[in-house]
Amino acid sequence: MIHRRHAARLLASAFAAALLFPAAPVLADAPAPAPAAATQAEAAAPRLVVAISIDQYSADLFAEYRNHFTQGFARLLNGAVFPSGFQSHAATETCPGHSTIMTGDHPSRTGIIANNWIDQNAPRDKKSVYCAEDETKTAADPKDYVASVGHLRVPTLGDRLKMVSPKSRNVAVSGKDRAALMMGGHDTDQVWWWKDDRFVTLDGKPSDPAAEAENAAVAKVLNAPGTAFDLPQWCQSRDRPIEAGSVTVGTGRFAMAAGDQNAFRVSPRLDQATLELAGRLVREMKLGKGAATDVLSISLSANDYIGHAYGTEGSEMCIQNHALDVELGQFFAMLDSLGIDYVVALTADHGGFDLPERQDQQAMPMIHRADYSTSAKVLGEKVGEKLGITADGPLIYGEGVFGDYWVNKALSPEQKQAVIAEAKDELERNPEVAAVFTAAEIEAAPVPTGSPETWSLIERAKDSFYPPRSGDFLAFLKRDIVTIPKPAPGYVATHGTPWDHDRRVPILFWRKGTASFEQPNPVETVDIAPTLAALIHLDVKPGEMDGRCLDIDGGPASTCPASN
Ligand code: ZN
């Protein structure tokens with residue numbers, strides 16, 4: 001425990017040193033340095049970086065609906081289009097995914113290995129730690145937590161920019177705290193996320209007129225009945241009821257009773273409000289019109305809530321895609337009307353997978369739900385009985401029916417090894433399980449290189465493995481398994497697996513005047529931050545980020561450093 005704390009302190013001080021002493025700063029608000037290559041000479045830095053993440057927006061969804069887009073997405077389709085981007089890692093959840101987008105680093109480096117992990121040394125009874133909390137603090141409401149970005153081990157693009165360009169502003173908004181915090185980072189001028197019925201910020205941060213105005217506007221929407229959304233003509237083929245246990249999905253229109261916070265959140269209304277708040281902050285702070293380049297991160301969460309509640313192939317997700325296209329179009333038009341020179345990068349934190357009950361009707365009868373046999377509780381009881389080992393508390397800790405598992409720390413080293421070996425053996429005999437890796441095996445595996453499309457499962461695991469937080473062993477279920485054993489209202493379909501339906505996401509860049517192209521070869525979400533850094537002339541030394549700069553100009557000009 002002491003060693004662990006000491007290590008944490010060392011890491012914290014290393015990070016603080018990096019913040020204080022950035023290598024060879026290049027001032028983004030000063031004239032650009034003499035370009036190293038003639039191809040870069042004419043490229044002035046955009047005044048505003050707009051990074052957008054659509055939560056649970058798989059490459060499959062983008063492919064399914066791209067022909068119908070006429071507004072915001074249509075503009076992005078006239079930019080640099082990478083239809084096969086990768087959240088390359090195995091732990092395809094919101095927090096790890098968002099941690100890659102603006103840092104340029106894989107979760108193995110950001111330290112965000114999952115939405116939640118087990119820390120048996122956590123200074124409280126509850127040992128599950130949320131990625132975006134400070135578990136050393138107690139919230140006013142004991143059922144609540146204190147939001148924090150402290151678990152993110154690296155700086156974001158906005159953090160880096162502000163180190164060398166103090167006049168730059170770094171702003172983040174989202175429907176989820178973890179998304180806003182992981183994209184915004186450690187040094188945000190404004191960071192806002194949706195909570196229950198309003199946008200809130202970090203404890204101790206002042207309120208803001210833009211947020212107050214948006215909260216007042218949202219209250220009016222929330223407290224009135226919401227009419228059903230129209231079904232676009234191209235969504236009609238999706239409009240078919242599907243029964244999943246006691247839940248029926250597939251024909252929803254997002255009608256809302258007055259004051260129904262859940263119905264508001266699980267509808268396009270949440271994204272609308274998030275983009276409205278972003279727009280208010282742009283106008284209030286005059287983002288993109290200041291003395292230096294600013295960074296605005298936006299994560300749209302409704303897509304994920306809709307995917308979980310209704311799956312990916314019903315009327316609900318189709319309406320949501322149409323709404324996203326319209327909302328993004330309005331947002332870009334607002335930026336245009338202000339005369340801001342901006343660049344957009346749009347991607348997702350992870351993909352998604354439809355519910356098995358609809359997959360069954362649509363040519364995929366082999367897709368089925370997980371059972372509970374791989375849960376930490378069932379596994380721990382089985383292994384404990386076989387070995388005759390008991391512990392105070394669970395023998396094996398875990399979150400859900402796959403992923404990381406932690407062995408109770410009170411066991412002797414010999415007992416722990418025996419539990420890991422027996423659990424691995426037990427899981428490997430389970431027909432639902434695709435692979436099991438111990439922490440030692442993952443640590444010994446080489447760091448993956450090359451195209452993420454062809455990485456093995458252990459390489460995908462390695463990419464979201466951070467030894468101080470990761471489990472003692474890790475299990476993946478087979479590709480055809482949906483990891484929700486029992487569907488419930490609001491939760492019938494999910495993501496989080498190492499399979500490509502959860503890893504592949506679109507990556508789109510757009511800037512006025514840049515020659516458009518489509519590049520079908522795989523790229524990675526960790527490439528976004530170095531790509532944006534080059535555009536805004538922010539110096540990133542080789543090796544400082546895991547990703548690489550993508551040249552987003554389809555013509556002979558390059559938007560990347562000559563040394564790239
Ligand atoms: Zn997500």
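Let me begin with a term: a residue is called buried when its relative accessible area is under 20%. With that in hand, consider helix H4, residues 94-101, in this predicted model. Thr94, Cys95, Pro96, Gly97, His98, Ser99, Thr100 and Ile101 are buried. That is 8 of the 8 residues of H4, and the helix is accordingly described as mostly covered.

What do the buried residues of H4 pack against? Their partners include three strands by name: E1 (48-54), E10 (294-300) and E11 (342-347). Helix H5 (107-110), helix H7 (177-184) and helix H19 (528-535) are also packed against the buried residues of H4.

Let me now step back to the chain as a whole. The protein chain contains 19 helices and 20 strands. Its radius of gyration is 23 Å, close to the 24 Å that the globule rule gives for 564 residues, so the chain is as compact as a globular protein of that length. The C-alpha trace spans about 70 × 55 × 50 Å along its principal axes.

How much of the chain is buried? Of its 564 residues, 58% fall in that class. Among contacts with a separation of 6 or more, 73% join residues 24 or more positions apart. The chain exposes about 22,400 Å², with carbon and sulfur atoms supplying 54% of that area. As for charge, there are 53 positive and 72 negative charges, and their mean positions are 3 Å apart.

The largest nonpolar core has 62 residues, of which Ile52, Phe73, Ile298 and Phe331 touch the most other members. Helix H12, residues 315-337, gives the most to this core, with 9 residues. Apart from this core lies another, of 25 residues, among them Ile113, Ala147, Ala180 and Tyr397.

Leaving aside its neighbours within four places in sequence, Ile52 is in contact with Ile298 and Leu300, with Leu328 and Phe332, and with Val344, Ala345, Leu346 and Thr347.

Is Val419 buried or exposed? Its relative accessibility is 0%, and Val419 therefore counts as buried. Beyond its neighbours within four places in sequence, Val419 is in contact with Val383, Leu387, Ile389, Leu395, Ile396, Val407 and Leu411. Asn408 is 11 residues from Val419 in sequence, and the two C-alpha atoms are 9.6 Å apart in space.

Finally, a remark on backbone geometry. Most residues other than glycine have a negative phi. Lys286 is found in the loop between helix H10 (268-285) and E10. With a relative accessible area of 53%, Lys286 is exposed, because the cut-off for that class is over 50%.

His537 also has a positive phi, near 60°. This residue lies in the segment after H19. At 18% relative accessibility His537 counts as buried, because the value is under 20%.

To close, I return to H19 and E10. Helix H19, which His537 follows, is one of the elements that the buried residues of H4 pack against. Strand E10, at one end of the loop that holds Lys286, is another of those elements.

Methods. Residues numbered from 1 in each chain as written. Predicted model: local features only at pLDDT ≥ 70, side-chain atom pairs only at ≥ 80, totals over all residues. Heavy atoms only, no water. Helix = DSSP H or I, 4+ residues; strand = E, 2+ residues; numbered from the N terminus. Rg over C-alpha atoms; globule rule 2.2 N^0.38 Å. Buried < 20%, exposed > 50% of the residue type's maximum accessible area, 1.4 Å probe, protein only. Contact = heavy atoms within 4.5 Å. Areas by Shrake-Rupley, 256 points an atom, 1.4 Å probe, with all protein chains shown as cover. Lys, Arg positive; Asp, Glu negative; His and termini not counted. Charge placed at Lys NZ, Arg CZ, Asp CG, Glu CD. Core = buried A, V, L, I, M, F, W, Y, C linked by side-chain atoms within 4.5 Å.
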